[in-house]
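Welcome! Here is a short briefing to read alongside the sequence and the 3D view.

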Amino acid sequence: MGNCWCRWGSSLDRVSSNAKSESPNYESPTSKSWKEESKLPTNPEEVEDLRRHSAANPLVAFTYSELKIITSNFRQDQVLGGGGFGCVYKGLITGDLREGLQSLQVAVKVHDGDNSYQGHREWLAEVIFLGQLSHPNLVKLVGYCCEDEHRVLVYEYMPRGSVEHSLFSRVLLPLSWSIRMKIALGAARGLAFLHEAEKPVIYRDFKTSNILLDMDYNVKLSDFGLAKDGPVGDKSHVSTRIMGTHGYAAPEYIMTGHLTPRSDVYSFGVVLLELLTGRKSLDKTRPAREQNLTEWALPVLKEKKKMLDIVDPRLLGDYPVKGFQKAATLAYHCLNRNPKARPLMRDIVDSLEPLQVQDEHACHKMAMTAISI
Ligand SMILES: Nc1ncnc2c1ncn2[C@@H]1O[C@H](COP(=O)(O)OP(=O)(O)O)[C@@H](O)[C@H]1O
Ligand SMILES: [Mg+2]
């Protein structure tokens, strides 16, 4: 879906057939039949109940006709992204839409009616997780629509779109070293928050297209459709149907379906490598041995001197060598095949904090603005 190259399986495999066990707070049904599935908490009263209890983030229940107004009838030239399960539209809530609502730019994600059951699963996961969690590095869910077969999410609008867009665009200027490190730290803080929550959450689909940016390159994690409650008590993992995105998912998760917070750490390592090299996690346009970024980079990451061979040439040498080596070594540890040997997200945050640098160009620009004022 969206910008994902290849989530596994057919669209029907995107989420485990056991919707309720994949989402927090719900009991698991035993049958996969549509009859059973239709007993899922799809009805508005249950969702309304959820809304009332979403203490961290009081959500607005939009009507479908309000969404038509917000998105100018889902105008095609306002599409921000999407794919398999529907589209994300740019929209505007105006002050006169409904009493109590303030004017706000939003992004509206519509789950396709054709995939209603699967779409509903992901929609529900997002309402539950984003309704309960609030952090500067998680996108804010403004509200939702659950009317007839419509399943829609309304988020705060992130003007620079996804990291995928900013990092790999051929038209935008390359991201500077300082911005890349800012993105890495913001994303790490978002994941650390999820892993350390009272009820820990595994994000499960960490990748550049799910990391969004505001005007100042502040990071917000989005797309919680595959997020899952982490293991509790003395359990080491949760067992799931294998879902995720090729090129990002941890090898042990692909092999066993055992999901732990360290699976997110592996995906974080892949994203960090993308930021350092400017290469996509999977790129079929490259020679065969370079198509999988992790396989290509890992042998090089073992040696401090060789590491510099894989730095993104679009940085034009404008990066601190020591900082690069530290970040590359961090990526190497995140990508350890042994999940227990990977660092915790909290340790990753601690390692990235000293790597933050003031962007000289930004400082220069700010100084010039100050002078002109
Ligand atoms: N809040 C937002 N602000 C701006 N763009 C967004 C927002 N949410 C999503 N997008 C764009 O839409 C794309 C797909 O959104 P996402 O939630 O990841 O949906 P999908 O489930 O299709 O992957 C993102 O990669 C991004 O480009
Ligand atoms: Mg996505």
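## A first look

UniProt, in an unreviewed entry, lists Lys-109 under "binding site"; UniProt positions follow the numbering used here, feature names are shortened, and annotations may be inferred rather than shown by experiment. This is a predicted model, in which local features need pLDDT of at least 70 and side-chain atom pairs count only at pLDDT 80 or more, while totals for chains, interfaces and linings use all residues. Residues are numbered from 1 along each chain as its sequence is written, chains are lettered from A and ligands numbered from 1 in the order in which they are written, and side-chain values use heavy atoms, leaving out hydrogens and water.

**The listed position**

- Lys-109 sits in strand E4 (residues 104-111); strands (E, at least two residues) and helices (H or I, at least four) are DSSP runs, numbered from the N terminus.
- Lys-109 is buried, at 9% relative accessible area, where buried means under 20%, exposed over 50% and partly exposed in between (1.4 Å probe, protein chains only).

**The largest core and helix H7**

- The largest nonpolar core holds 86 residues, and Leu-221, Phe-268 and Leu-352 have the most contacts inside it; such a core is a set of buried Ala, Val, Leu, Ile, Met, Phe, Trp, Tyr and Cys residues joined through side-chain atoms within 4.5 Å.
- Helix H7 (residues 177-195) gives this core its largest share, eleven residues.
- Both domain 1 (33-156) and domain 2 (163-372) contribute residues, so the core lies between them; the bounds come from an automatic or database domain assignment.
- Of the 19 residues of H7, 16 are buried.
- Leu-352 touches residues including Met-181, Phe-268 and Leu-330, not counting residues up to four places away in sequence; contact means heavy atoms within 4.5 Å.

- Cys-145 is in strand E5 (residues 141-147) and is buried, with 0% relative accessible area.
- Cys-145 and Tyr-64 are 81 residues apart in sequence, yet their C-alpha atoms are 6.5 Å apart.

- Asn-210 is buried at 5% relative accessibility, and Asp-223 is buried at 9%.
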